[in-house]
Amino acid sequence: MTLRRREWLKTMAGASIGALGLPLLNRAQTTTTAQTKRVEPSLALKDYQPKSMLHVPETHVPRSRFPNIDFHTHLTWVDRKGKSDVLTHAATVAEALKVMDAKNIRIMVNLTGGYGPLLEEAVRHWQQPHPDRFIVFTEPWYAKITMPNYAKFQGEQIEAAKKAGARGLKILKTLGLYLRESVTTGPLVKIDDKRFDQMWEAAGALDMPVAIHVSDPEAFFLPTDRFNERYEELSAHPDWSFHGKDYPSNAELQEARNRVMERHPRTKFVALHTADSENLPYVAECLDRYPNMYVDIAARIGELGRQPRMSRKFFDKYQDRILFATDATPHGDETPQQIFGNELYEIYYRFLETEDEYFDYAPALIPPQGRWRIYGIGLPEPILKKVYYDNAARLLGL
Ligand SMILES: [Zn+2]
């Protein structure tokens with residue numbers, strides 16, 4: 001550049017002409033202006049609710065294109081009341097059926113059906129009167145882990161649960177992150193602890209799929225600071241942070257799950273929440289390595305929908321091993337991405353069926369899992385049919 005040209009540019013930059021030919025100089029100019037006029041924001045992040053100004057199609061999908069099975073819901077919970085465990089019903093049967101009929105949900109799978117007498121109650125309340133609409137899973141009886149013959153006991157419990165009506169086994173992230181040698185104290189019990197081997201084997205022998213929640217968003221394992229993309233979510237749920245203390249890393253948890261799947265090839269495992277929805281190449285590797293592995297999409301359309309091109313390829317390739325699921329929890333007001341109701345299902349259908357752009361992944365004023373929006377992946381009908389119904393039906397032996 002000649003001296004004359006440089007001087008000419010300087011002059012022109014000061015005269016604030018269009019930026020097209022002068023990107024660098026003009027940027028410097030803007031910075032100076034911004035610095036002199038800068039106003040500190042007085043709006044708190046929690047009060048910020050920006051409205052998108054995009055003019056893009058908004059498709060309302062009131063019913064799923066095919067009847068669906070919601071493979072991951074919580075209609076009952078086991079709660080500790082004093083010294084005993086009790087089963088809490090999160091909704092009435094009529095309340096659930098009303099939404100199911102309106103939204104084309106053929107079957108809801110209630111994963112947290114408890115164990116022993118609690119399981120019997122869950123089956124009696126939901127599954128027995130409506131065997132074509134509700135399916136109940138059982139859970140391990142962790143309070144018994146201190147028993148010397150726990151491995152045998154837990155294996156036999158699966159058989160008893162099957163007799164009582166349970167159709168599968170649910171593993172909460174309690175295993176790996178909360179359960180300790182003396183239940184609540186002592187070292188953490190590992191996911192691939194041998195004491196569960198008879199349980200995994202029994203589930204396989206009895207054709208009961210294992211719905212297993214291992215792994216959480218990577219941000220849950222990092223400090224809750226200004227760099228954490230889930231700062232607001234972790235602030236609302238500090239107990240979801242697994243940073244520090246004696247917690248294993250997210251990768252260690254998943255490798256332990258992988259060893260379990262490898263050791264029990266006859267048992268079918270549904271890795272809940274897409275196993276690791278932020279790292280689909282890793283999930284693909286696991287699916288390739290373990291033919292007995294499946295995934296559900298519960299409470300993860302926020303992740304899948306912010307990487308729509310990667311997700312679409314993932315659904316194409318693994319269309320026989322992905323299950324429709326929402327993590328729906330009636331009246332679960334603390335987790336808006338899970339509140340059972342018409343709105344929740346319409347968002348899932350919109351994500352799976354349309355190519356709409358930049359919409360909310362949860363029925364909430366502020367995106368509850370992180371401040372971003374999602375894009376639909378517009379699945380073709382043959383894949384929709386499998387994901388909505390066929391894959392789950394096959395696993396559940398329907
Ligand atoms: Zn869940």
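The model is predicted; local features need pLDDT of at least 70 and side-chain atom pairs count only at pLDDT 80 or more, while totals for chains, interfaces and linings use all residues. Residues are numbered from 1 along each chain as its sequence is written, and side-chain values use heavy atoms, with hydrogens and water left out.

Helices (H or I, at least four residues) and strands (E, at least two) are DSSP runs numbered from the N terminus. Two strands pair if DSSP finds at least two bridges between them.

| Strand 1 | 68-73 |
| Strand 5 | 134-136 |

Trp77 stands opposite Thr88 of strand 3. The hairpin of these strands has 2 residues between them, and Gly82 takes a positive phi near 60 degrees there.

An open sheet is formed by 3 strands in the order 1-4-5, with parallel pairing. Strand 1 and strand 5 are the edge strands, each pairing on one side only. From one strand to the next, the twist averages 20 degrees. Contact means heavy atoms within 4.5 Å.

**Asn68**

Asn68 lies in strand 1. Its relative accessible area is 0%, and it is therefore buried (under 20% relative accessible area, with a 1.4 Å probe and protein chains only). Not counting residues up to four places away in sequence, Asn68 touches several residues, among them Ile105, Ile107, Phe324 and Tyr388. The C-alpha atoms of Asn68 and Arg180 are separated by 37 Å, and these residues are 112 apart along the chain.

**A helix pair**

The axes of helix 5 (residues 150-164) and helix 7 (residues 197-205) come within 7 Å and cross at roughly 20 degrees. Helix 5 is therefore roughly parallel to helix 7, a term for angles under 35 degrees. Axes are lines fitted to C-alpha atoms, for helices over the stretch in contact, and angles run from 0 to 180 degrees between N-to-C directions. In helix 5, Ala151, Lys152, Gln154, Gly155 and Ile158 meet Gln198, Met199, Ala202 and Ala203 of helix 7.

Technical notes
Angles under 35 degrees count as roughly parallel, over 145 as roughly antiparallel, 65 to 115 as roughly perpendicular and the rest as oblique. Buried means under 20% relative accessible area, exposed over 50%, partly exposed in between (1.4 Å probe, protein chains only).
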